[in-house]
Amino acid sequence: MKYLFASDLHGSRTAAEAVLERMAAEKADRLILLGDLLYHGPRNDLPDAYDPKAVFRLLNEMPVKPLAVRGNCDAEIDQMVLEFPIMADYALLPLVNNQTAFITHGHLFNLAVRPPYRPGDLLIHGHTHVHTVETIEGLTYINPGSAALPKENQPKSYMTLDWEAGLFAIKAFDGSVLQRYSLSEG
């Protein structure tokens with residue numbers, strides 16, 4: 001089984017299309033969206049092909065509905081057009097070896113405001129638009145970067161979790177691996 005994580009689409013039709021293309025290429029079973037799906041926010045430039053209506057149509061037409069958490073740019077009005085829940089501030093994903101991934105957007109819970117955790121747990125969020133993997137005081141922080149508006153001259157990116165291998169891989173949209181994290185490290 002394989003999961004694909006994407007964050008910060010910000011209403012970009014090309015980002016949503018690229019995520020769906022990578023879902024097919026990766027043969028991913030599930031899409032997990034880390035928030036900021038339809039709106040670009042007042043601090044961001046408009047992403048390429050800004051078309052929130054196309055984005056919600058593409059996501060609603062997926063045969064397996066995405067799992068999603070709410071971003072700081074997501075609102076109740078967005079939930080009215082999306083056919084899957086997006087208003088949860090976080091989700092918990094049980095992993096191997098009693099590890100848990102705390103999945104959130106990053107504006108409420110992050111490295112400065114940590115969720116409850118045990119050593120070896122993961123904090124997965126977007127929000128910063130910067131992909132990274134780092135372990136600090138027993139908590140591994142993983143950010144897949146942004147599918148639409150990356151920062152710090154990074155490429156547009158996403159992340160996979162290969163359950164059999166226990167491996168997270170942050171990738172550019174050409175499929176090249178930018179960073180990895182093995183669950184056996186935790």
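Buried means under 20% relative accessible area, exposed over 50%, and partly exposed in between, computed with a 1.4 Å probe on protein chains only. The model is predicted, so local features need pLDDT of at least 70 and side-chain atom pairs count only at pLDDT 80 or more, while totals for chains, interfaces and linings use all residues. Residues are numbered from 1 along each chain as its sequence is written, and side-chain values use heavy atoms, with hydrogens and water left out.

Nine salt bridges (a side-chain nitrogen of Lys or Arg within 4 Å of a carboxyl oxygen of Asp or Glu) are found in a search of the whole structure. Three of them are listed here.

| Pair | N to O distance |
|---|---|
| K2 and E26 | 2.9 Å |
| K171 and E26 | 2.9 Å |
| R114 and E137 | 3.8 Å |

Helices (H or I, at least four residues) and strands (E, at least two) are DSSP runs, numbered from the N terminus. K2 forms a salt bridge with E26. Because K2 lies in strand 1 (residues 2–6) and E26 in helix 1 (residues 13–26), this pair ties together parts 24 residues apart in sequence. K2 and E26 are both buried. E26 also meets K171 in a salt bridge. K171 belongs to strand 10 (residues 167–172) and E26 to helix 1, so the parts tied together are 145 residues apart in sequence. The relative accessibility of K171 is 11%, which counts as buried; that of E26 is 9%. A network of salt bridges links K2, R22, E26 and K171.

In the pair of R114 and E137, R114 is partly exposed at 25% relative accessibility, whereas E137 is exposed at 65%.
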